[in-house]
Every structure is written in C-alpha cells, then in structure tokens.
Amino acid sequence: MSMLEIKNLSTEFTTDNGIVRAVRDVSLHLEKGEVLGIVGESGSGKSQTMFSTMGLLSANGKVVNGEIWLNGKNISPLAFKDPREYEKTMDSIRGNDMAMIFQDPMTFLNPVLRIETQLIEPILNHHPDMDKKEAIAKAIELMRKVGIPSPENRIRQYPFQFSGGMRQRIIIAIALACDPKVIIADEPTTALDVTIQAQVLELINNLKDEIDSSIIMITHDLGVVASICDRIAIMYGGKIVETGTTDEIFYEPKHPYTKGLLSCISNPEETERKELHPIPGSPPDLLNIEEGCPFADRCENAMKVCKLKMPECTTFSDTHGCSCWLQHPMAKGKGE
Amino acid sequence: MSNPILKVTDLKVHFPVAGGVFSKKQVVKAVDGLNFEIMPGETFGLVGESGCGKSTTGRAIVKIYNPTEGKVEFNGEDITKIKGKELSQFRKNVQMIFQDPYASLNPRMTVGEIIREPMDIHNIYSTKKERENRVRELLEIVGLKPDHIRRYPHEFSGGQRQRIGIARTLALNPKFIVCDEPISALDVSIQAQVINLLENIQKKMDISYLFIAHDLSMVKHISDRIGVMYLGNMVEIGEADDVYNSPLHPYTQALLSAVPIPDPKVARQKKRIVLEGELPSPIDPPSGCVFRTRCPNATERCAKEKPKAVKVGNRSVACFLYE
Amino acid sequence: MEENKVSDITLSPELFEKLDDSEKNAEKIAYESSTYLQDAWKRFKQNKLALIGLIFLLIMLVLSIIVPIISPYTYDGQDLTLQHAGSSLQHLMGTDKFGRDMLVRIMCGGRISLAVGFAAAAISLVVGVVYGAISGYLGGKVDMVMMRIVDAMYSIPDMLYVIMVVVAMGANFVSIMIGVCLTFWMDMARQVRTQVMTLKEQEFSLAAFVLGAGKSRILFKHLIINSMGPIIVTVTMIVPRAIFYEAFLSFLGIGIAAPQASWGTLANDAKGLVSTYPMEVIWPVLAICLTMLSLNFIGDGLGDALDPKKK
C-alpha cells in the first residue's frame with residue numbers, strides 16, 4: 001500500500017476575475033521511503049496540490065473532487081461531513097503524520113521565541129510522556145543531526161541570529177521532531193545561495209537514508225531533483241503531464257513539455273556550448289482555463305485534438321506514464 | 001586589440017550603517033577594490049552569492065550609487081563625476097535591466113507609456129506618432145504583440161513583463177546594458193527565451209553586457225568572460241569555459257562544485273566541496289584574504305596580506321597559491 | 001465557449017492533423033484589460049457598508065444644496081407664531097425657538113459642515129502631499145529637519161491650535177478651516193513620506209532614474225501616483241475628523257456665528273431644551289453621526305479597494 005495516494009484531485013479558487021482551476025484531476029502516489037519530486041513552473045499547481053493535501057488552502061480555495069489516502073485513511077475534505085471535524089483531523093495529522101518544509105523559513109519560525117521553545121513543542125506534542133529536560137535533549141540531538149554546530153548553545157538563540165541556511169536546517173529539525181511518515185518540502189532551497197543549497201541538499205540526501213519518512217520535493221529546478229529524487233512527476237497547467245523514475249524522465253522524456261524543459265536548461269558540465277531551445281509563449285493562466293491539453297498553445301507538435309480534449313495517460317513501464325495525444329495510435333509518425 | 005568599452009579601476013562602494021548616537025560609525029564594505037574591463041560586443045558575467053556586492057557593482061556603474069573610491073570609465077571617460085549634457089549622453093548609452101519584472105514596471109502606466117518614457121525624457125522623436133510607432137516596433141522586437149500597447153503591466157506574465165522591461169531599455173539604443181539578475185525571477189521555460197532574446201539583440205545591435213547572476217549555468221551559457229566575486233572582492237576572472245572547466249581560486253572551485261547538475265547520472269557521482277562556516281559580515285571583513293576563514297588551503301600569510309590579482313595564462317586570480 | 005464543453009468526441013484522423021501556428025494562442029492574456037480605478041471600483045462595490053455610506057453621503061450633499069433653494073423658508077426667516085413646532089407637513093422637522101424651519105437650517109448647516117470637511121481635506125491634501133513627498137524623496141538631512149518640524153508641531157494638542165486660530169482671527173468659516181488644516185496636513189505628510197520612501201527604492205523608480213528622468217518626473221509620475229491609494233484613504237479619514245472638529249467648536253460656542261448655523265451650533269442652541277423639545281437636538285446630532293459613519297465606512301471600503309496587496 002502506498003504511504004500517500006492522491007486520486008483525481010481537483011482544487012479551485014474563487015477570485016474577483018473568475019474561477020482559477022489550480023489543480024485539475026491530479027493523481028499521485030508516494031511509496032514508503034521514497035523521494036518524489038514534483039516539478040513545475042509557477043502556477044502549475046504543484047504547491048496547491050500539496051496545500052490541498054495538507055488542508056492548508058487559503059480561504060477562497062476549495063477541493064472540489066478527489067480522494068487523498070494517507071496510510072489507509074481518506075483525508076480529503078470531501079470525505080468529512082463536518083468541516084470542524086476535518087480541521088481537527090488535519091490538526092492532528094499535521095506535525096504527526098505529515099510535516100511541511102517551506103521555502104521561506106521565516107514565515108514558519110516565530111521571531112520572538114527561542115529555537116528551544118519552537119523545537120520542543122512538537123516533540124512534547126508527539127511524546128506526551130517526555131518531560132521538558134528529555135525533550136530538550138532530543139531537540140539538541142535533532143539539531144546536531146541536521147548539522148547545526150554547537151547546538152547546546154545555539155538552542156537558546158532566536159531565529160534572527162541564524163543565517164538563511166541554518167534557519168532552513170532548523171525547519172528540517174522541526175519537521176523531523178515527530179518522525180512524520182511524509183515530509184513535504186516546498187521549494188526548500190530556492191531562497192538559498194548555491195553553496196548553501198548544496199549543503200541543504202546534501203543534508204536531505206543523507207537524512208533520507210537515516211529516517212524512514214517518505215519525502216515529496218516540490219521544485220522548479222531540474223538540477224535539484226536530479227540528485228535526490230527517486231521518481232519525478234512533471235506538472236503543467238494544473239495537471240500531471242508525465243511521471244516516471246528520475247532516469248526515465250531525464251533520459252527518455254516522452255511529453256513535449258518535459259523535452260522542452262530539458263532542452264532549455266543549460267548544463268554547465270557540457271563543454272560544447274549548445275544552443276538553448278526555449279519553449280515559446282507563456283505558461284497558461286489557470287483562470288477560466290479551457291478544456292484540452294494546457295500545453296497545446298506552446299507545443300510544436302500540437303494537433304487539432306489537443307485543443308479539444310485532455311489525453312489519457314499512456315504507460316510505458318510500471319513507473320513511466322505520460323498524457324499526450326502523440327502517444328495515441330492514430331498519431332503515429334507525428335511529432336518526430 | 002580595441003579599447004575596453006567599460007573599465008572599472010579600484011572601485012569601492014561603502015555604505016554608512018546608521019549606528020546609535022554613542023556607537024562608532026560603521027561602514028558596510030559592499031564593494032572593496034574591484035578591477036575589470038569589458039570589451040565592445042562582449043558579455044561579461046559577474047557571479048557570486050548574495051551579499052558579495054555584484055548588484056552594488058552594477059548599480060554603481062549606472063550611477064545609482066556613487067563610488068566611495070575608484071574610477072568607472074566608459075569609452076575612456078571617467079563617469080563618476082559627470083553632470084548635465086554628458087550625463088544625459090551617458091544615460092542614452094548605458095542602460096540597465098532589472099531583476100524583478102513585477103517591481104520594475106510602474107503599475108499605473110500602460111505598456112506604451114512605459115516604453116515611451118525614455119523617448120519622452122530624452123526628446124528623441126518630435127511627434128507623438130513617431131514615438132508610438134517606435135514603441136510598436138520595440139514590442140515586436142521583444143516578441144510581444146503591438147496591440148498590447150494599452151494594457152497594464154499586471155495583466156502580463158513574468159516573462160512578458162521582463163520583455164517589456166527590455167523593450168524600454170532598447171528605446172534609447174544603448175551601447176552597454178547592465179543586466180542585474182534578469183532571469184532569476186523567471187520560470188525555467190521562460191529563462192531561455194529571455195537569454196536568447198538578449199543574445200539576438202546583442203548580435204543585431206552590437207551591445208555589450210554586464211550580466212549579473214547567481215545561476216552559474218546560465219551565466220556560463222551567455223558569457224564570454226566571467227568574474228567571480230566574494231565579499232566585495234573579485235577572486236577570479238577568465239574565459240567562461242576556462243573558469244568552469246578548471247577553476248583556480250578555492251572559492252570558485254567550491255562554488256562550481258555546488259551547482260546542481262540536471263543530469264542524474266552525473267549528479268549522483270558528483271563530489272561537492274562543502275564550505276565550512278558562513279559568510280562573514282561585510283561590516284567587519286576578515287583581514288588579508290577575505291575568503292581565508294572558509295578556505296581549505298588558508299595559511300598564516302592569508303591573514304596578514306591581501307592577495308593581489310596575479311595572471312595565470314589569460315586569467316587573473318587573487319590567491320597566494322598561484323604566485 | 002460552447003465547443004469547449006465537448007467531453008465526448010469521436011477521434012478521427014483529421015483531429016490528428018498538426019495545428020497551425022495561427023491557431024495557437026501562446027501569449028494569451030486571460031485578464032480583461034482594466035485600469036487601476038476600474039479594478040478598485042469593482043472591489044469597492046463589493047463592500048455593501050461602504051456603498052451605503054457613499055449613497056448616503058451623496059444624498060446628503062444633494063439635499064444640502066437643493067433643499068435651501070427650493071424650500072419656501074430661509075434659514076433665518078423667523079415665524080414667532082410657530083415656535084418649537086413638531087414635525088408637520090409644512091415643517092418636516094419642525095421649527096426652533098424662533099420658529100425657523102429646522103429642515104432648512106439643518107441643510108444649511110450641512111453645507112457649512114461638509115464644506116469645512118472637504119475644504120480642510122483638500123488643503124491638507126495639497127500641503128501634506130508636497131511636504132511629505134519632498135521630505136521622503138530627498139531624504140537625509142532635509143528629511144530630518146522637515147520631520148523634526150512636524151514632530152514639534154505634533155507635540156502641541158490639536159484643539160489648542162484650532163482654538164488659538166479661531167480666537168485670533170475671529171470665529172468664521174475661514175478661521176475654522178485654517179485651524180483644522182494646521183493639524184491635519186501633518187498626518188498626510190507623514191503618510192506620504194513613508195510611501196515615497198519605500199517606493200523610491202523600488203525597481204521602477206530606479207529604472208526611471210537610470211533612464212535619466214529628472215527629480216520632478218520621478219516624484220510625480222512614479223512616486224506620488226503610486227501612493228494615491230493611501231493618500232485617498234487618508235483624505236476620506238480627514239473629512240469626518242474636520243467635520244467633527246467644526247461641530248465641536250460650534251458646540252463650545254466659538255464656531256460659526258449666528259444666524260448662520262452648522263450642525264454643531266444647532267445642537268448647541270437646542271441643548272438646553274433637551275428634556276422639553278428633544279427633537280431639536282436629535283436632528284442635528286443624527287446628521288453629524290450618520291455623515292461621520294458613512295464617511296468612515298467609505299474610508300474603510302476605499303482602504304480595501306485601493307490596497308493592491310489585498311488583491
């Protein structure tokens with residue numbers, strides 16, 4: 001059984017200008033001990049998929065369809081009759097079964113509380129039998145685990161006394177505090193400098209073998225997923241267009257968008273200077289978006305059918321699948 | 001060999017920190033003694049992590065900040081003290097593209113007004129009609145539809161806005177453009193569009209770029225030469241390929257090893273040099289070589305003397321290892 | 001739009017023909033083109049209280065202009081045979097102790113009160129915006145001196161100014177307005193200064209600077225225009241405060257001189273009669289309260305509608 005399974009999730013936002021269909025019929029699964037990368041550009045719905053899962057949608061957002069199975073329990077808001085009961089369930093799930101790491105650590109850390117207070121709170125919540133002293137000992141151990149030097153002293157400090165990279169480590173320590181089954185990391189390294197990003201990625205890479213949590217890594221950076229993810233899902237226009245193992249995505253991409261993404265990034269390891277092939281146009285606005293493949297307007301191989309209907313998912317292996325009309329038998333020979 | 005279009009000599013930009021009444025006045029040494037040259041038609045990439053002073057350098061060149069010391073020469077003329085007509089001429093020649101496409105366009109002006117503004121300021125065309133035609137032409141150059149002219153910036157996506165910003169810059173036919181992280185706020189699929197656009201413009205209009213960025217892979221792609229900065233100092237300058245293939249300065253080595261590689265097989269095997277410690281404060285930088293506190297090869301000498309840039313082949317590197 | 005709803009289509013070979021570039025719309029803009037003010041109005045309309053406030057204020061404005069013109073009575077026309085009359089068809093709000101028509105007097109009072117409010121706001125707007133913008137834009141020593149002056153003036157209680165000016169210049173419309181403005185322009189100046197200081201570091205004003213724009217161009221075309229939201233909100237908050245100050249002064253007896261009357265003087269005149277003829281106090285007080293309330297609602301609504309961050 002999967003650790004987390006999302007089936008046909010759709011999320012909508014009501015705005016002044018109309019309805020934004022941010023997540024459209026997304027299905028995902030996450031296995032035990034696995035690192036899944038969700039790659040997409042801003043507005044592709046990658047973060048909103050996870051916010052829907054965690055029950056963190058803003059007030060104008062609403063899950064309109066789908067099931068979210070965490071460890072055999074459906075935690076989609078649609079599965080609860082009473083919204084208060086949903087909130088209560090999610091409160092106990094967040095921080096116990098699922099933890100989230102945000103892009104900007106300062107939105108998550110309370111600037112006027114010592115790190116100690118913020119770290120032992122989730123520990124005490126998770127282990128009600130522990131006393132404060134034991135919790136502090138565990139907090140110090142966690143800080144050491146995420147590579148914060150001299151944690152005995154630094155635990156008494158306030159968030160502003162830490163650098164960006166160190167703050168992100170503290171967030172990771174807080175996320176680990178209650179041994180969550182699923183950790184969702186939303187662009188955890190985007191705000192950091194390259195060398196600090198490398199440190200944090202190294203940390204996540206080392207931790208994933210030590211802990212038995214499954215990790216979902218949301219990012220726009222293909223370089224980040226290449227080094228630490230087992231599987232990757234590519235999102236575009238609120239939909240998952242391709243999913244596969246890291247090698248399948250990088251070496252045998254099937255969807256024109258995946259191919260496009262790979263050919264418009266430059267790889268500094270290559271000695272030859274290749275020309276970049278950008279994808280023309282701009283990402284679609286999910287406001288009042290029409291039926292059909294969201295990528296059709298920017299796709300070189302777009303066909304008439306692409307504008308009319310979203311293609312079914314074609315599978316190539318147990319792990320590799322892609323939603324594109326080019327894979328349809330009737331499209332043989334097109335788009336090569 | 002032709003003369004450099006831009007020459008920066010010993011540039012220092014220090015900012016006073018507002019201290020309390022009783023505390024000593026302190027300065028942030030954002031840029032502390034920078035030397036480099038940019039040739040006509042060349043793209044010079046300036047890389048480094050946040051707080052290294054790369055953006056300050058760019059802003060000092062376009063005179064948003066006044067240098068504390070040193071010279072910035074454009075076409076052989078020192079521009080740090082120019083005024084009046086000369087300044088106005090300099091403005092026409094040297095322009096800047098900004099980082100944040102959401103903040104760099106005035107939200108209350110239409111796209112047409114934004115792109116027309118430089119022509120209004122410098123009185124380039126006599127009639128409004130001519131200016132408007134030029135605006136339409138510029139919109140087409142950057143790949144937008146001329147009928148977008150009456151729309152407001154907030155209706156566009158990030159990539160489209162950045163192209164509007166580029167169109168505004170081109171309105172004055174500049175010879176030199178400072179690109180201050182022009183792609184770091186954009187989506188991956190859009191970054192390549194902007195890079196290609198900048199390259200095409202360069203070919204057509206023979207413009208030189210100072211390309212400031214922290215994304216090293218894109219900088220390598222667009223730049224002819226690269227300068228690496230650390231804490232207000234230039235640590236290494238060289239041809240883009242040379243710097244990437246065999247970095248000399250210990251900081252450049254660490255920085256490059258940290259770049260994530262979009263190729264899983266390579267990425268899994270890659271050894272990273274992980275730097276110890278954190279970036280020192282630019283208010284009180286380390287004595288001698290500013291990198292010594294984190295350098296794996298630091299010696300006693302590094303604390304005493306500041307290394308001068310030495311030539312290694314056609315490269316220059318500020319480190320005692322290469323003397 | 002109809003064809004987009006198609007969910008069951010039969011796949012045929014022609015559907016798999018390549019799409020022509022002209023059929024793609026890769027640079028589509030999903031938003032309707034709209035200006036800032038159109039957007040703001042759209043958001044303002046959604047705030048029902050603010051809308052009611054606006055309608056009430058407009059009615060009040062129109063009535064205070066029209067009623068004294070079309071009414072057969074004048075504000076000082078006495079009818080000693082009809083003192084303290086209650087509401088009737090001839091006198092909708094009754095009459096006062098000299099038999100003057102209350103409706104006309106209230107509406108004439110409204111003219112004065114509203115005029116004081118709007119004139120004070122307009123003067124504070126001009127003075128405050130110019131002062132604040134210069135201080136914020138130039139920064140450094142100039143800013144320090146200009147702001148210390150404001151701080152010094154701020155340390156004197158508002159009412160003291162107003163009373164001093166009114167006593168020195170005599171109680172009339174102009175002196176009250178000057179007194180009120182002396183205190184309110186400072187709020188505006190501070191507000192504008194903070195706005196300008198943040199906006200001048202924004203990339204669009206740096207861009208204008210690099211393009212070679214002069215100081216006044218940057219100040220007016222870029223900085224002040226983008227501060228319009230908070231400026232308008234501050235103005236709508238100044239109007240009710242000015243009306244209140246005027247009413248307060250008149251109530252103390254140092255406001256508009258008789259036989260002219262503002263809402264404050266009307267309330268003052270009738271205050272001794274509160275137990276015998278309560279309506280004569282209630283009408284002007286009601287006018288003040290409702291006007292202030294609607295102005296405050298409008299201010300709130302504008303604050304939400306003009307704040308781009310809430311979009």
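Let's start with one residue: Thr95(C) counts as buried because it has 27 C-beta neighbours inside 10 Å. Buried here is 20 or more other C-beta atoms within 10 Å of a residue's own, exposed is 12 or fewer, partly exposed is in between, and C-beta atoms are placed from the backbone.

Before going on, some ground rules. This is a predicted model, where local features need pLDDT of at least 70, side-chain atom pairs count only at pLDDT 80 or more, and totals for chains, interfaces and linings use all residues. Residues are numbered from 1 along each chain as its sequence is written, while chains are lettered from A and ligands numbered from 1 in the order in which they are written.

Back to Thr95(C). It sits in the loop between helix H2 (48–70) and helix H3 (102–138) of chain C. Helices are DSSP runs of H or I, at least four residues, strands are runs of E, at least two, and numbering goes from the N terminus. What does Thr95(C) touch, leaving out residues up to four places away in sequence? Among them are Asp79(C), Leu82(C), His84(C) and Arg100(C). Touching, or contact, puts the two C-beta atoms, placed from the backbone, within 7 Å.

Next, two helices in chain C. The axes of H10 (residues 263–270) and H11 (residues 279–306) come within 8 Å and cross at roughly 155 degrees. That makes H10(C) roughly antiparallel to H11(C). Axes are lines fitted to C-alpha atoms, for helices over the stretch in contact, with angles from 0 to 180 degrees between N-to-C directions. Under 35 degrees is roughly parallel, over 145 roughly antiparallel, 65 to 115 roughly perpendicular, and the rest oblique. From H10(C), Trp263(C), Leu266(C), Ala267(C) and Ala270(C) take part; their partners in H11(C) include Glu280(C), Val281(C) and Ile288(C).

Now chain B. It has eleven helices and twelve strands. Its radius of gyration is 21 Å, close to the 20 Å that the globule rule gives for 323 residues, so chain B is as compact as a globular protein of that length. That radius is taken over C-alpha atoms, and the rule is 2.2 Å times the number of residues to the power 0.38. Along its principal axes, the C-alpha trace of chain B spans about 70 × 55 × 50 Å. Buried residues make up 50% of chain B.

Last, the interface. 37 residues of chain B are in contact with 35 residues of chain A. Which helix gives the most to chain B's side? H6(B), with seven residues.
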